[in-house]
Amino acid sequence: MTKAQSLWNQGVKIGAIGGVSVLIISLVGMVESFGKRDIIAGVLPMGVAIALIISILAAYMAAKKTPISEKSIQFANAVVSGLVISGFLAVFVMIGRSFNIREMFVGASPVLYNILTGGVAGAGGIFLLLLTGVLCGAFAGILYMLRDLPRKLTVNALLTIFILGLLQELILPILKAWDIGMINYLAGLFYTLNGLTPVGAILSVVIFCVLYLLWNANQGAVKSKYAALPKEARKKSQIAALIVLAVILIVLPQFLGLFLSEVITIVGLYVLLGLGLNIVVGYAGLLDLGYVAFFAIGSYVVALLTSPQIFAFGLNFWQALPIAVICGILAGVMLGIPVLKMRGDYLAIATLGFGEIIRILVLSDFLRPWLGGAQGIGSIPNPNLFGFQMVKPQHIYYLLLAGIILVIFISLRLKKSKIGRAWMAMREDEDVAQAMGINLVATKLLAFATGAGFSALSGAIFASKIGSVYPHSFNVFISINVVCIVIIGGIGSLPGIVVGAAVLMGLPELLREFAEYRMFVYGVALVIVMLLRPEGLLPEARHKMEFHDETEAGAKTVA
Amino acid sequence: MFQKWKDRVTITDIVMWMIGGTLLLLCLWGSVSTIRAGLYTKSHWIDFLIFGLAQGSIYALIATGYTMVYGVLKMINFAHGEVFMSGPFTGYFVATAMWRSDFLDNHPITAIVAIFAVAMFVSTMVAFLVEKIAYRPLRGAPRLIPLITAIGASFFLQYLFKGLYGSGINAYPDIEILNGFWMIFGIRVLKIQVIVIIAAIVLMLVLYNFIMMTRVGKAIRAVSEDKEAAALMGINVDAMISTTFIIGGMAAGAAGVLYALMFKQVHFFMGFLPGLKAFTAAVLGGIGNIPGAMLGGIFLGLIESVAPALFLDGLGIIAPYQLKDAIAFTMLVMVLIFRPTGILGERLASKKA
């Protein structure tokens with residue numbers, strides 16, 4: 001290979017990877033269906049924004065991976081990879097326009113070609129596409145050459161626009177709910193009904209830059225001031241922060257509309273599930289893919305006990321709730337016993353099998369007289385608190401909030417207890433843990449039981465919120481969603497789970513178009529997180545150590 | 001003697017034996033009462049058996065992929081079910097294109113070969129890329145990590161193909177020569193089932209001989225025995241791992257087409273259940289053991305087709321066929337509890353897993 005060739009290798013290679021990625025998200029329809037939603041109204045549809053982000057990222061990587069640290073070559077490499085990406089798309093558009101590939105690829109529609117070529121027909125559109133690619137590459141190249149501060153500023157400012165545009169459906173209703181002239185005016189200034197206004201985008205960039213620079217200049221001072229505080233004062237400020245958080249959480253539903261409250265209750269249910277699975281996967285290191293079984297058990301117990309259908313026990317929600325949780329715990333122990341001796345992959349598959357067995361049994365005609373079969377069980381009454389009917393999602397929110405706080409409290413206490421340490425020892429190495437005198441049977445079963453109990457609690461609330469339960473609500477995807485929350489948020493980390501649930505479950509509810517690509521994106525996210533940051537996005541301190549000590553120790557021995 | 005035995009047995013052991021014993025008793029009772037009730041005639045049972053054999057030989061082909069990958073990497077390739085799906089799903093478009101141009105009816109053999117070629121190529125590519133992108137960078141990572149990556153890859157692939165090819169259930173075109181019956185020893189059997197069985201057995205023989213006879217096969221076996229030692233003997237371990245995925249992908253692609261020809265439909269989720277079943281088959285036969293996987297696949301296929309009628313009908317269970325997947329999973333769990341090494345397994349699964 002000649003030297004000139006090897007210089008462009010990275011640009012072409014990373015460009016090709018980026019090109020295939022953009023091609024894939026175009027072909028699966030993401031660019032098109034996200035094209036209906038704008039980040040900046042009339043200027044930048046979200047689908048295009050995603051394609052641009054991937055292109056810029058790829059070009060940036062190309063510049064970074066250039067073997068020679070000469071600025072002009074790095075810049076040129078970024079441009080080359082940008083060109084390669086757009087070249088892929090250009091070839092695709094030309095093929096798509098001349099042959100009928102829609103027969104096979106359902107996403108290859110004329111609308112997509114229009115989006116990719118900026119609405120310009122013929123050769124002009126192809127040229128525009130290639131030009132966009134080159135510009136992306138050039139932008140990434142310049143970004144790479146910038147110094148640290150301006151680069152961070154640019155990237156974060158652009159991300160701010162993207163996130164503000166993305167969260168429009170969240171922010172706008174909250175602003176509107178105040179219904180004060182001033183805020184209404186501001187909302188109108190920043191947002192249209194579809195994305196930011198151009199003025200809003202520019203304003204938010206300016207505001208963000210000012211804030212960022214201010215923070216950047218004073219960051220050191222604030223931090224050292226905080227560090228200089230005496231211990232009690234620090235504790236006081238933490239308590240104050242907690243109180244503020246609590247107040248926000250308590251008044252939050254008053255500002256959310258019906259739809260957003262609905263979204264937040266779904267997030268809450270998944271937070272509960274995630275906290276439960278966190279005990280099993282995060283603390284004890286047992287990957288359970290049949291976790292939905294306990295959710296289903298919690299739901300069905302509440303349904304059977306409170307619904308007038310089938311048995312008509314006539315209990316109310318509060319009487320059924322503890323029974324549901326106890327049933328969940330018992331089921332956790334019962335399903336835990338057979339898998340006691342299994343580890344890793346086997347455990348995952350066996351639990352996946354259990355989850356499916358439960359679903360198949362509930363769905364079957366055989367158990368229909370007792371469990372309702374495919375029709376499920378309906379008319380489950382809402383929880384009733386001292387004569388107050390909890391009908392609206394806002395009411396369920398408080399129920400969930402109470403549940404989550406309780407579960408977080410239990411999780412934190414358990415983590416620091418003897419059992420928690422036993423779980424973590426087991427997670428690190430079962431054999432060593434056993435040699436140290438830990439009773440593996442009891443420890444494992446406790447982990448399964450605790451996780452199952454939390455899951456059943458979530459299921460119980462779910463049943464009374466929805467008002468009816470069907471076997472189809474309890475498929476394997478629920479388990480996978482919860483696994484994604486726990487893993488991507490950060491194994492073993494409670495804030496990670498809350499944030500993970502909010503992002504992974506909240507976003508698809510807010511962005512309806514996204515819901516269709518949910519598992520697609522989760523799959524990619526799982527792979528990427530495992531490849532780049534196996535401890536998750538908001539890791540627990542101990543876990544972070546665990547994942548990084550090996551590599552660092554390895555690096556030391558090499559050095 | 002009794003004291004010694006008492007010390008070794010724990011409560012969980014007893015509970016498990018009770019569960020196993022109860023299930024066994026239920027099966028026996030069910031079989032006896034089914035046979036006494038005489039709901040099914042001899043020809044019914046033969047139909048069940050042949051269908052089970054056909055289905056089982058497909059499972060067996062997929063299971064070889066699981067088992068070989070487990071041999072070399074000591075991990076379960078969760079995405080193997082999607083490798084299985086990707087081939088026939090792509091082949092579907094070739095098949096319909098040929099069907100529309102009447103090529104399928106005029107040159108059916110060539111057409112079927114073409115479908116197989118496309119499907120096997122796509123499955124192979126998917127398997128190869130999954131290994132290269134998702135698994136290779138994680139060699140030596142903690143065990144949980146490649147497992148989670150594999151789950152991610154599995155769902156990514158499912159929804160990638162859903163996005164690319166659409167979410168509908170696509171009917172495979174009818175191939176005239178595969179329709180109808182044959183009379184074998186006076187028994188009427190569906191042509192397609194016989195063809196599936198024969199094709200799968202031929203493919204498995206080829207695969208087994210490839211692994212046992214060729215240099216590459218020998219190298220793969222060496223890698224699954226001991227990676228470091230194999231590397232020291234001058235074997236390119238990474239290349240052999242890739243080759244394993246490629247062979248597994250080819251087998252899965254072929255199995256996928258057989259599955260599609262037998263059940264006449266493809267969709268993006270079709271790999272999930274057969275994948276799980278094939279994994280069960282691989283465990284049943286002893287994971288890491290190729291003949292075991294084949295045997296396990298056929299055994300599982302037979303059980304799945306016979307058991308609902310034989311075991312459950314006699315117990316008075318309505319619509320027993322709804323529970324056939326539950327039977328397969330129960331068997332998986334039972335095997336993992338009582339004989340994790342599988343029927344032919346030498347490796348101690350619980351030790352390695």
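**A close look at the interface**

Guide: Across the interface of chain B and chain A, four residue pairs turn up in polar contact, with both residues at pLDDT 80 or more. Keep in mind that this is a predicted model. The salt-bridge count across the interface of chain B and chain A is one, and the pair is B:Arg100 with A:Glu103, whose side chains meet at 3.2 Å, N to O. Side chains of opposite charge can pair when their charged atoms come close.

Next, what is the chain B side built from? Seen from the side of chain B that touches chain A, the elements that give two or more residues are helix 2 (11-37), helix 4 (80-100), helix 6 (108-135), helix 7 (144-165), helix 12 (272-285), helix 14 (324-338) and helix 15 (349-352) of chain B. Helix 7 of chain B has the largest share of that side, at 17 residues. By residue class, the side of chain B that touches chain A splits into 42 nonpolar, 11 polar and six charged.

Now for the extent of the contact. Chain B puts 59 residues into it and chain A puts in 49. Between them, chain B and chain A bury about 4,900 Å², with carbon and sulfur atoms accounting for 80% of it. Of the area that chain B buries against chain A, B:Ile148, B:Phe155 and B:Leu164 supply 11%, which is more than any other three residues give.

For a bit of contrast, hop over to an interface inside chain A. About 690 Å² is buried between domain 2 of chain A and domain 3 of chain A, 81% of it from carbon and sulfur atoms. Here three residues of domain 2 of chain A, namely A:Leu166, A:Glu169 and A:Ile174, supply 54% of what that domain buries against domain 3 of chain A, more than any other three.

One more pairing to find in chain A: A:Asp148 and A:Arg151 join their side chains in a salt bridge at 3.0 Å, N to O. Why that spacing along the chain? The two are three residues apart in helix 7 (residues 148-166) of chain A, so about one helical turn separates A:Asp148 from A:Arg151. Over all chains, the salt bridges come to 14.

Strand 2 (residues 181-184) of chain B runs antiparallel to strand 3 (residues 187-190) of chain B, and four bridges join them. B:Phe181 stands opposite B:Leu190 in strand 3 of chain B, while B:Ile184 has B:Ile187 as its bridge partner there. Two residues lie between strand 2 and strand 3 of chain B, and B:Phe185 in the turn shows a positive phi of about 50°.

Key:
Residues numbered from 1 in each chain as written. Chains lettered and ligands numbered in written order. Predicted model: local features only at pLDDT ≥ 70, side-chain atom pairs only at ≥ 80, totals over all residues. Heavy atoms only, no water. Buried area = accessible area lost by both parts, 1.4 Å probe. Pairing = 2+ DSSP bridges. Contact = heavy atoms within 4.5 Å. Salt bridge = Lys/Arg side-chain N within 4 Å of Asp/Glu carboxyl O. Polar contact = N/O pair within 3.5 Å; in protein donor to acceptor, adjacent residues only side chain to side chain. Nonpolar A, V, L, I, M, F, W, Y, C, P; charged D, E, K, R; others polar.
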